Amino acid sequence: MDTGSPSGAVGRSGTGTDTPRRAGGAGARADGVTATRTSGAGTDAARGTRSGAGTDAARGTRSGAGTAPSAGVSSGPAAGTPATGARGRLVAYARLAKFEFVLDYYLSMVVLWTALAGSVRFAPDTLTTLLIFLLGEVGVISAVMALDDVNGIRDGSDRANYLGTGGTPLRPLERKPLLTGALTVNQATRFGYLSLLWGAVFWTAAALAAPERPLWALVVTGLVLFAGFQYSWGLKLSYRGLGEVLIMGCPLVIVVAPYGFVTGHLPAIVLVQAVLFGLWQILVSCYSNTKDISGDAAVGRSTVAVHASARGNLLFIGALSAADLLLTVGASAVGWAPWWFFAALVPEMALRLRQFTSFSRNGDALLARRRGVVAFRTGVAGIVLANLIHFAS
């Protein structure tokens, strides 16, 4: 998963570092015994060519998508010093859960809380329900990240992405405690399952404590609990063409579900904000997917970037960007949101246009991704401001 998500998705989603996905999965996975990319993407130079969306070179290895990357680096975990002491283990598990990268997902709580009527925001049952749901959200997201790292070690992709053929670090290794040896695969797997159990318990408790329990909120919460961690684990849904759906859908749900538990309904303005929240996540991840074409293709991850032509992928990203702008303006035009709602998101829309137009010219996927992170955070700030004004009474 691209855990530099806006922070990444449970997604590539992903905000600010070189990973939101491996719920966008950053990089080349080797099958079994090998770990370097066919295109030699262990070097920054290879990454550079892949980031271009407008050239066939960016997709150079797609023709060999079914073959394993060339040999050079073992796919097994690196030998290292195990984390010791309470603080050392806590830091190692926090890095495994990617806490420093996924904080943007938790902005969902700020969005939905400010979308509540003023009289409801501080009600004891509201605060209790949202707190319990947030605790469950931490568990679910931690499970996604941990199990994704386990998968990355097993198939060699993390070693390929973080270590060159000569063993030289390509990215900060402390991000990957399985690579450094701070944690073992068994420890990480156990942590992933316990985190998932934690999430299930707290989300169940949130539903029981909630003042309202609409069926739709229960269903979508259950779907995220079941499907989210299987992005690259279990059913490996991202290998079955459902990666983009998860990257957008899971962030959307963590806005609407707790809102439903508090109010029992879902007004159009909240649904619009939730869709934007998820859409902004995929508008980080799709650029990561563009960068990772050869690696995703080599391990069978099915993304639009892998299957489409360079032009087709650019059109897909353009369509998502246009949907962002049209939904923002259209919500005001048709009365789903106050007429002035779009004005609060003008900065986000300007950043979105810059992100896409710049990428279409220079093909720099990582730069576009970073700009997507900034646009995401700017958009959330705009939504929160609009909510505080609109729901002031």
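Helices here are DSSP runs of H or I with at least four residues, numbered from the N terminus, and strands are E runs of at least two. With that, K236 sits in the loop between helix 9 and helix 10.

Some ground rules. This is a predicted model, where local features need pLDDT of at least 70 and side-chain atom pairs count only at pLDDT 80 or more, while totals for chains, interfaces and linings use all residues. Residues are numbered from 1 along each chain as its sequence is written, and side-chain values use heavy atoms, with hydrogens and water left out.

Back to K236. It is not a glycine, yet its phi is positive, about 50°. Most residues other than glycine have a negative phi. Buried or exposed, or in between? K236 counts as partly exposed, at 31% relative accessibility. The cut-offs: buried is under 20% relative accessible area, exposed is over 50%, and partly exposed is in between, with a 1.4 Å probe and protein chains only.

K98 also has a positive phi, about 60°, and is not a glycine. Look for K98 in the loop between helix 2 (85–96) and helix 3 (107–114). K98 has 0% relative accessibility, so it counts as buried.

Helix 9 covers residues 215–227. Its axis and that of helix 10 come within 9 Å and cross at roughly 140°. Axes are lines fitted to C-alpha atoms, for helices over the stretch in contact, and angles run from 0 to 180 degrees between N-to-C directions. The crossing of helix 9 past helix 10 is left-handed. That means the near helix is turned anticlockwise from the far one by less than a right angle; clockwise would be right-handed.

Who touches whom? On helix 9, the contact residues include W216, L218 and V224. On helix 10, they include L246, V253 and F261. Contact means heavy atoms within 4.5 Å. By class, this contact has 12 nonpolar, two polar and no charged residues. For the classes, Ala, Val, Leu, Ile, Met, Phe, Trp, Tyr, Cys and Pro are nonpolar, Asp, Glu, Lys and Arg are charged, and the others, Gly among them, are polar.

Next, helix 10 (residues 243–263) against helix 11 (residues 268–291). The angle is about 155°, with the axes 8 Å apart. Helix 10 and helix 11 are therefore roughly antiparallel. Helix 10 passes helix 11 in a right-handed crossing. Helix 10 brings, among others, E244, M248 and Y259, and helix 11 brings residues including V270, F277 and N289. The tally is 14 nonpolar, four polar and one charged.

Stay on helix 11 for C286. C286 counts as buried, at 3% relative accessibility. Its C-alpha lies 7.6 Å from that of A305, 19 residues apart in sequence.

V304 is in helix 13 (residues 304–307). V304 is partly exposed at 23%. Beyond neighbours within four places in sequence, V304 contacts E244, N313 and F316.

Last, the cores. A nonpolar core is a set of buried Ala, Val, Leu, Ile, Met, Phe, Trp, Tyr and Cys residues joined through side-chain atoms within 4.5 Å. The largest has 60 residues, and F133, L276, W280, F341, F359 and V380 touch the most other members. Another core, of 20 residues, lies apart from it, with A143 and F229 among its members.

Conventions. Parallel < 35°, antiparallel > 145°, perpendicular 65-115°, else oblique.
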